[in-house]
Every structure is written in C-alpha cells, then in structure tokens.
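Please walk through this fold with the model open beside the text.

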Amino acid sequence: MSDITSAQLNWDDEGQPLSSIFGDVYFSKANGLAETRHVFLQHNQLAERWAALAESNHFTIAETGFGSGLNFLAAWELWLKTAPQSAQLHFVSVEKFPLNKADLTRALALWPELNLLAEELISAYPVFVGTGFHRLSFMGGRIKLTLIIDDAAQGFSKLLATTHPLYANSGIKVDAWFLDGFAPSKNPQMWSNELFACIRNLSSTGTTAATFSAAAIVKNGLKSAGFSIQKVAGFGRKREMVKALFADEPLALDPNDFTYRGSFSPYPVPWTIDKNNRRFTEKRALIIGGGLAACHTARALAERGWTVNILERHTALAQEGSGNPQGVLYAKLSPMNEAQAAFNLASLQYALNFYRPLWETVGNNCGVLQLAYKNSEAELHNQLHHKFAQANELVQFVSAEQASELAGISLTQSGLFFPQAGWIDPRKLCAYLIDHPNIQVTYDFEVTQLTNHQGLWQASSNKGDLKQAPVAIIASAKDTVNFDIANHLPIKVIRGQVTYLPANSTDASLKTVVCAEGYISPAQDGIFCTGATFNLKDPETALRTSDHQTNLDNLREHLPSLAINADTNHLEGRVAFRCSLPDYLPLVGALPKVDEMVEDFAPLRKNARAGITAGGSYWPGLYINTGHGARGLAYTPLCAELLAAQINQEPIPMPRELVNALNPARFVIRDLTRSKR
C-alpha cells in the first residue's frame, strides 16, 4: 500500500509518448503495434498455440511493463481470432509507473484499429492508490487482466505460492513471457536477479519468453532462470532480439536443508501450501447456499466452463442475509498498511467494476455518502486525505454544504462521497448471476450431511436426496458450522433488523445513499430502507418495535432534516443474520483437516517461526466462501473470483499475503501460536 508515482510523459512532434523519468520510448517510432506483433506474438508462437487449445482451457501471459497497454490489446485481438470461444486468456502485467487515464487514452488513440478494445480498457482502467493488484474482466470473463502496480520483481513475487524455497515452484505457471519495459541501459534496476528468480519459479516445461532486447543482462538472466535462448532478427532497424524456451527441471531440494532446530526459520511456515492440491479434469461443482457468496461463486466458475449446481434449502434465492430489498455497496477505507485495509480497497474497486454494466438491472448507482457523524469518523476522514486526495473517481472529500447538495437534504457533517457506488437489490443481483447455461439451482434442498466418497463430495438432503461432484463449496453463512467438517471455525452471528419507511413519512427527497450510524437509501417503490441494528448473539427472528425505534432514532440524530414522521408500531421490516469472523475478514479457500494441521504444526506452540517444512493438510475439493458480514455486496465479487482462480489453478487476483489472510486455516494456526490447541 506504499505510495506510487504515475508515469511522467513527454509527447514528441508525432504525438508519441516518451518517459521523462527513463528517457525512453514506450514503443517503436516506426510502428509500435507491428513491433508488438513481431516481438511478442510471433516469437511466443501464440497464434499456433492458441489455435490448438482445448475448450474451456486457459492460457497465461505475464508481462514486465504494462505501459500504454498496447501489448495487452494486441494479444486480446489475436486471442479473439485464434483461440476457442470457451477458452480464457489471463494477462498478468506489472507496472511500477502507471499511466493516468488521460495519458492512456491519448497513447492508445494512435492505434484506431484497436479502438473498440481500447475503449473497454479505458472504461475499466482503475484508480491507483498505492501498490496492489487490479483484476479487470472483459467479454464475460473471456479476457482477464491482472494489473499489478509494483516493482517487477516485487510484483511477481506476490504471485508465488510462498517465498519458502522448498515450495516456491509449486504455484501457478505462466505460459508465455512478454519481457518488455524500458531498455536495460535505461532501467537496469528492473532486470534484476530477483526478477529472473521469479520468472524461473513461475515457469514450467514449455514456457516461452520473448524480448526486444538482446543485452547481456537479459540473456544471462534468462539462462540463469533455466531458459535456452536464441537470437533472432529484431523489428525494423533493430538487428537482434531474443526468444527463449524453458526446458529446465525444477530444483530438487531436500527438506532437511530447511530445518532450523532451536532457532527461528528465516522462511515463512508453509501452512498455506496444500499438500492435497489436485487439478480437476471433471469441471463439476456443488455450492451449498443461495445468497450473494454462492451466486457470485457459481457465476465465476460457470464463466470458466464449470457446471454448477446450487443447493438452496428455500424455494427461492437470497432468503437469508442476502434478502434485504436494498443493500449498500460499501467498504471502509483505512489509512493503515494492513490486510483488512488492503482487502477493503481491492474489494471495493473490483466490485465497482463488476457492477458497472449492471446498475440498471440490479440497483441504482446514485452514489454513497459516508458522513463524519462522530469525532472518530471525522479524524479518520482527515487521515485518509493524504492517501486518497487524488482518487476523485473513487472517493471525494466533501464539505457539509457539498454533502447537502449531493444528498438533496440539509446535512451538518462533512463526509466521503463514492460517486460510482449506490444501492443494489441483492435478490435481483442473484437472479442475474445464476442466469447462465452452466448453472442449475436445486430448490428445497437442505443439506444435512456432506461426505467424501471415492473422490466425490456427496451432499445428502433432509428428504434423502443425494447430489455429488468432485468439488463442493460451502457458502451458507452462519449455518456453515452445522457441518462437522467446519464446526471449528470461529464464526460470529450478528442479528440485524432493517426498517421499511413509507416515502410519504417525510417531505424530503433523498438523492443518494447516506451512511452514518446506520444507512438510508433513496426510496424504491415508495419505500425507504433504513437500518440496520447490530446485535451479537441474538437469535430472535421476529421483528421488534424497539429495533425500529433504534433505526429511527439514528436517523433523527444524524439526519434531522429528513423529519421522519412514522409510528414504529405500524412499520414493516426484515430480520437477517450477518456472519463474520474475529478479524473481520471472510473465509475463502480450501477447508483444512484440523487434526492433521494441529499435528504437523504443533511446534508453533513454542516457536511461531519454527523450522517446519511440511505443507498444510486440506480436504481435496472442499472449499468455503463465507464471513462477509455487512459488506457482502463489496466483498463477494472478488472473493468469488479468488476462489474460482484457486479451484481452476489460475493466477490469483490479489497479492499472496492477502490470499493467506483469507485462508480458512488461519485460525488453526493462530490458535497453535497462542497455545490454544
């Protein structure tokens, strides 16, 4: 989350961009697009390889230096011409000095033949706030761009399974490398030993690489990474370039070399490495639950060619925590450099992009206003100013007068305004998400038992019915702990009650969502939705007049200009139960085998950095996606994308440390380090 520097450009007489920092061009002055096609597309043999891809397969390109995005667009264009329609292209690019949107637009205008694709990229191009990952999806998931804002070696290291040398080679693999960026003579820092070590660990037999440069530092780096290299004719006036093929074998390491008895290991404990990880040749999955987490996960898998069966105990979707008529797309920004802050920001940005084409179908992007309704909130907003002051597309710092104008009511507090956010009807959203030929919903199916039989997960219902698949995903919120296999999870259940206010209970006309102690959304179908209460360990399902009163009291205290006139004895509403974890992060990933994890990692009771070389024990094919609390609309799109990437063995959409922070085994490891197991 450290500060970043945007690219500083000069423009020559022909309208071509040049880096003022590195004194180098972004692409050939002769013809940048032709150069890209010659160097990267042709010499990675992409047209031939893509034409030979199997249906629903995926292919991963990794690039150093995103720059103007020209290489990405050229690869996208070729993919559409040559790859099977059901296949998926992952393009992962690291950029330390990203262009701002205005410069990106100006640069890509040089290539009118790519105009349609460029418009999609520009529309989805994110706001950059510090280093981090940005996953963008195009054409219904057919094209995925993971833009990593970071130093090249640092960025690619966050894709590794772990930095432990014993397992650094065990993560996802890149099929083709675009080694771009500024020339080694201009930017020698990028072409580092650390970068080539990452390239080695992210490559496998058959991985190719191509680069415009034939400099010794590049050739030697590729050789050290296990590539055989070949000099071939360069583009235009450039005499030589390099293409390369990875044909090396993974290093054979001895676990005994990494055991540090009586001292701390310098390497991370590899509990996140799945010893039972398997590649699924049969793409079928069961999902238990029918709310936002389940439906987003189903859609993410379906777009990857998986056949998904959602098992819903009710006769309709979104009947539990996802069933309120209006939910707010909301995340809490933070100035802290910590996992929760990074996850909130990444989730919000991904969700805003995900919902961008859907607003007319599922809600209203009327904006969300978070008021500084108490001193601690006002102080937080002040602390956020340095970090987000230039991120106006994402969030704006508004005075009380500006907030009043935005909301359409008189307000006395300043606030944060999220112009692209708004409210969503989760029921309509779930209906949209499951509208895919690969998704089936089985209603009135309450799963009472989940067992594994000969490699298949079998879900038995209360009526004796049975469904089975190689993969099962638990997305049933608070009911997750009803399964013996998951009852160790420290899930907290929080009761919340929303109140439905008739629009005629006030003369005010609300134009945007306003959040203070609770929230209120602009009226839908003549009703304001406001709330929600927060009651931990409260199982009451019936509406309570006292909770309606709490919701009204919050409105009257922080939004007195609404002048609410309503009788709590005659108000309708809804009760639902949020599900969260002690660290306020969701549970996303494979479920651990608790007894085996406790046995293998028992030394952590005495030494949190013990020299343990064993990987973690996880149930093969069993995953979870739950614990989203009150922020399900913001969290579930990115969490579903992460889970689908893990199951399908694709590049992850967030840094490895964030993936580990969401790992369901984290509480087992935490308890061991605290001697609670």
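Which residues of H9 are buried? They are Leu292, Ala293, Ala294, Cys295, His296, Thr297, Ala298, Arg299, Ala300, Leu301 and Ala302. Buried here means under 20% relative accessible area, with exposed over 50% and partly exposed in between (1.4 Å probe, protein chains only). Because 11 of the 11 residues of helix H9 (residues 292–302) are buried, H9 is largely enclosed by the rest of the structure. Helices (H or I, at least four residues) and strands (E, at least two) are DSSP runs, numbered from the N terminus.

This is a predicted model, in which local features need pLDDT of at least 70 and side-chain atom pairs count only at pLDDT 80 or more, while totals for chains, interfaces and linings use all residues. Residues are numbered from 1 along each chain as its sequence is written, and side-chain values use heavy atoms, leaving out hydrogens and water.

Next, the cores. A nonpolar core is a set of buried Ala, Val, Leu, Ile, Met, Phe, Trp, Tyr and Cys residues joined through side-chain atoms within 4.5 Å. The largest has 126 residues, of which Phe156, Trp177, Ile310 and Leu329 touch the most other members. H17 supplies the largest share of this core, 10 residues. A second, separate core of 49 residues includes Ala7, Val39, Ala83 and Leu117.

H17 also meets another helix. The axes (lines fitted to C-alpha atoms over the stretch in contact, with angles from 0 to 180 degrees between N-to-C directions) of helix H10 (residues 339–355) and helix H17 (residues 632–647) come within 8 Å and cross at roughly 90°. H10 and H17 are therefore roughly perpendicular to each other, a term covering 65 to 115 degrees. Contact means heavy atoms within 4.5 Å. Among the contact residues are Phe343, Tyr350 and Phe354 of H10 and Leu633, Tyr635 and Leu638 of H17.

Now the sheets. Two strands pair if DSSP finds at least two bridges between them. Three strands form an open antiparallel sheet in the order S21-S22-S23. Strand S21 (447–453) and strand S23 (466–469) stand at the edges with a single partner strand each, so one side of each lacks a neighbour in the sheet. Neighbouring strands are turned by 20° against each other on average, direction ignored. Six bridges join S21 to strand S22 (residues 456–461). Gln449 stands opposite Ser460 in S22.

Another open sheet of three strands has the order S14-S19-S15, again with antiparallel pairing. Two bridges join S15 to strand S19 (residues 423–424). Gly363 has Ile424 as its bridge partner in S19.

Conventions:
Angles under 35 degrees count as roughly parallel, over 145 as roughly antiparallel, 65 to 115 as roughly perpendicular and the rest as oblique.
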